[in-house]
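Please find below some notes on the model, meant for a colleague who has not seen it before.

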Amino acid sequence: MQWSALLTGGILVLLAILPAARAEVRILPEAAAELDQATTEAVMRTFRAADEAIRARDLNGVMALYSEQYDYHGLKKPDMRKVWANLFDEFQDLTDTHHFSRLTKVGSGSKTIIEVTCTGSLSGLSKTGGLRVPIDSWYEEVHYMTFEEGQWRIRGNVGDSPRLMPFGTSPHPLF
């Protein structure tokens, strides 16, 4: 009985001191040197809103951050709705990290695109296995943002998509 109480107490202490999984959005120093502060903050608000929507399991909130012109290697906004719905069905406690190393403005006026270079990950607690598992990770991926209906939204990739992904690359459609 003593060992059982001791073990239970030890587990409770560990759970109390272990950090809970959480979202993290961090911009590295000098990453946004080419952008004005207001644009940088507006772009960061989009990613923070994504974190909040993911944490709340708010499918409509996540989808509101995707541009109507979203295109990533042929995946469109309705495809992303299905992907996120499946993720919410299969995982609980989804968490993501975004470390931004460069933000660059391309074009001008209504054609302006912000290229956001990011390293990060998405993980979740599997509903079937009960373990935290990696879902997606990326290194120096460029997120393309477009200004639409008063906010910066995720657009995907710029230009035509190749019919096949180059060997050694994997798709990163989530953000």
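The points below go from the overall fold to the sheet, the helices and the core.

1. Basis. This is a predicted model, in which local features need pLDDT of at least 70 and side-chain atom pairs count only at pLDDT 80 or more, while totals for chains, interfaces and linings use all residues. Residues are numbered from 1 along each chain as its sequence is written, and side-chain values use heavy atoms, with hydrogens and water left out.

2. Overall content. The chain has four helices and six strands; these are DSSP runs numbered from the N terminus, helices being H or I of at least four residues and strands E of at least two. Along the sequence the pattern reads α-β-α-α-β-α-β-β-β-β.

3. Sheet. The six strands form an open, mixed sheet in the order E1-E3-E4-E5-E6-E2, where two strands pair if DSSP finds at least two bridges between them. Strand E1 (24-27) and E2 are the edge strands, each pairing on one side only. On average, neighbouring strands are turned by 30° against each other, direction ignored. Axes here are lines fitted to C-alpha atoms, for helices over the stretch in contact, and angles run from 0 to 180 degrees between N-to-C directions.

4. E4 and E5 run antiparallel and are joined by 12 bridges. Serine 121 stands opposite serine 137 in E5.

5. Helices on the sheet. H4 packs on the sheet and touches E2, E3, E4 and E5, its direction making about 110° with that of E2. H2 lies across E1, E3, E4, E5 and E6, and runs at about 170° to E3. Contact means heavy atoms within 4.5 Å.

6. Core. The largest nonpolar core has 33 residues, of which Val43, Tyr66, Trp84, Leu103 and Val116 touch the most other members. Such a core is a set of buried Ala, Val, Leu, Ile, Met, Phe, Trp, Tyr and Cys residues joined through side-chain atoms within 4.5 Å. Elements giving two or more residues to this core include helix H2 (37-55), helix H4 (77-90) and strand E3 (91-106). H2 gives the most, with seven residues.

7. A residue in H2. Phenylalanine 47 is found in helix H2. Its relative accessibility is 0%, so phenylalanine 47 counts as buried; buried means under 20% relative accessible area, exposed over 50% and partly exposed in between, with a 1.4 Å probe and protein chains only. Phenylalanine 47 and glutamate 24 are 23 residues apart in sequence and 9.5 Å apart in space, C-alpha to C-alpha.

8. Totals. Buried residues make up 38% of the 175 residues in the chain. Among contacts between residues at least 6 apart in sequence, 66% join residues at least 24 apart.
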